[in-house]
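User: I'd like to go through this structure with you. Can you take some quick questions?
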Amino acid sequence: MPDRNRRAALHGRPRTRPRTRSPLDPPTSFKVIRAVFLTLLAGFVALPVYVMAASSLKPLKDVAGEFRWIPSGLTIRPYIDIWHTVPLAKYFVNSLIVAGSATACSVVIAIFAAYGVSRYRFRGKRLFTVTVLSTQMFPGILFLLPLFLIFVNIGNTTGIALYGSRGGLILTYLTFSLPFSIWMLIGYFDSVPRELDEAATVDGCGPLGALFRVVIPAAVPGIVAVAVYAFMTAWGEVLFASVMTNDATRTLAVGLQGYSTQNDVYWNQIMAASLVVSIPIVAGFLLLQRYLVAGLTAGAVK
């Protein structure tokens with residue numbers, strides 16, 4: 001007498017197999033815990049953003065009073081007043097110039113330095129790499145007074161105004177972003193096969209030709225990750241920007257303090273300005289997140 005599977009086959013029904021869990025598939029309990037943890041984390045991140053957004057749409061008297069999760073009256077007036085209470089547009093331009101210039105200089109210098117360390121052998125190569133990375137161990141405030149004295153002495157000796165200028169602030173930010181950028185690109189360039197350089201040399205390219213035509217296109221994710229890191233370092237820095245700038249060169253990170261006066265604190269405008277100045281960073285992450293994740297992962301694995 002045929003068994004059940006044989007009878008199912010005779011009637012044209014496919015034989016069902018018991019579903020087996022893949023070794024890489026996490027158990028159900030882990031999925032539940034992960035979902036709960038991610039939900040709590042998302043709420044922890046979204047709650048301050050909601051408070052900022054809600055406070056930025058309230059009149060000042062409502063923000064200064066008892067906080068309500070659901071605002072009774074909404075207004076976009078704070079988003080209009082932020083441009084008049086303080087010269088926010090000027091601070092925005094200063095931040096874009098300083099952060100963009102520091103990012104461009106950091107990326108260009110890091111590319112050439114990392115390519116030389118990755119592709120050539122020279123005496124002191126390991127010492128150079130360790131020295132570049134060891135600079136990240138020191139806190140930034142340790143360099144505040146030395147850089148201040150150096151800029152003032154250079155200005156007094158040569159007449160080149162570095163203190164209180166955008167150029168001095170760009171050089172300051174390079175001291176922070178450049179070492180890490182070089183170290184990260186060294187690891188990424190090492191992951192690019194050297195056979196690509198040899199193939200470019202056979203085709204008639206020199207070292208610079210191989211760099212621009214082969215290595216850089218293959219290392220775009222790592223370069224993007226370095227650029228994002230350098231831009232973030234310069235965009236939100238407060239300590240050096242508060243000391244090395246004046247009223248004409250002040251950046252956003254310091255300019256937001258202008259909404260707090262001796263008589264009052266414009267909390268709704270502070271929240272609105274904080275959301276506005278966050279737009280470039282958020283937009284950059286959304287546009288470059290694919291390259292950023294790939295660059296950070298490759299650099300970490302290497």
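User: How many helices and strands does the protein chain have?
Analyst: The protein chain has 15 helices and 0 strands, taken as DSSP runs numbered from the N terminus (helices H or I, at least four residues; strands E, at least two). This is a predicted model, where local features need pLDDT of at least 70, side-chain atom pairs count only at pLDDT 80 or more, and totals for chains, interfaces and linings use all residues. Residues are numbered from 1 along each chain as its sequence is written, and side-chain values use heavy atoms, without hydrogens and water.

User: What share of the residues counts as buried?
Analyst: 32% of the 302 residues. Buried means under 20% relative accessible area, exposed over 50%, partly exposed in between (1.4 Å probe, protein chains only).

User: Which residues touch the most other members of the largest nonpolar core?
Analyst: I82, L88, Y173, W235, M244, L252 and Y259, in a core of 31 residues. Such a core is a set of buried Ala, Val, Leu, Ile, Met, Phe, Trp, Tyr and Cys residues joined through side-chain atoms within 4.5 Å.

User: Which helix gives the most to this core?
Analyst: α5, with 6 residues.

User: And what does L252 touch?
Analyst: Leaving out residues up to four places away in sequence, L252 touches L88, Y91, F92, S95, W235 and V277; contact means heavy atoms within 4.5 Å.

User: Switching to L38: which helix is it found in, and is L38 buried or partly exposed?
Analyst: L38 is in helix α2 (residues 28-56). It counts as partly exposed because its relative accessibility is 47%.
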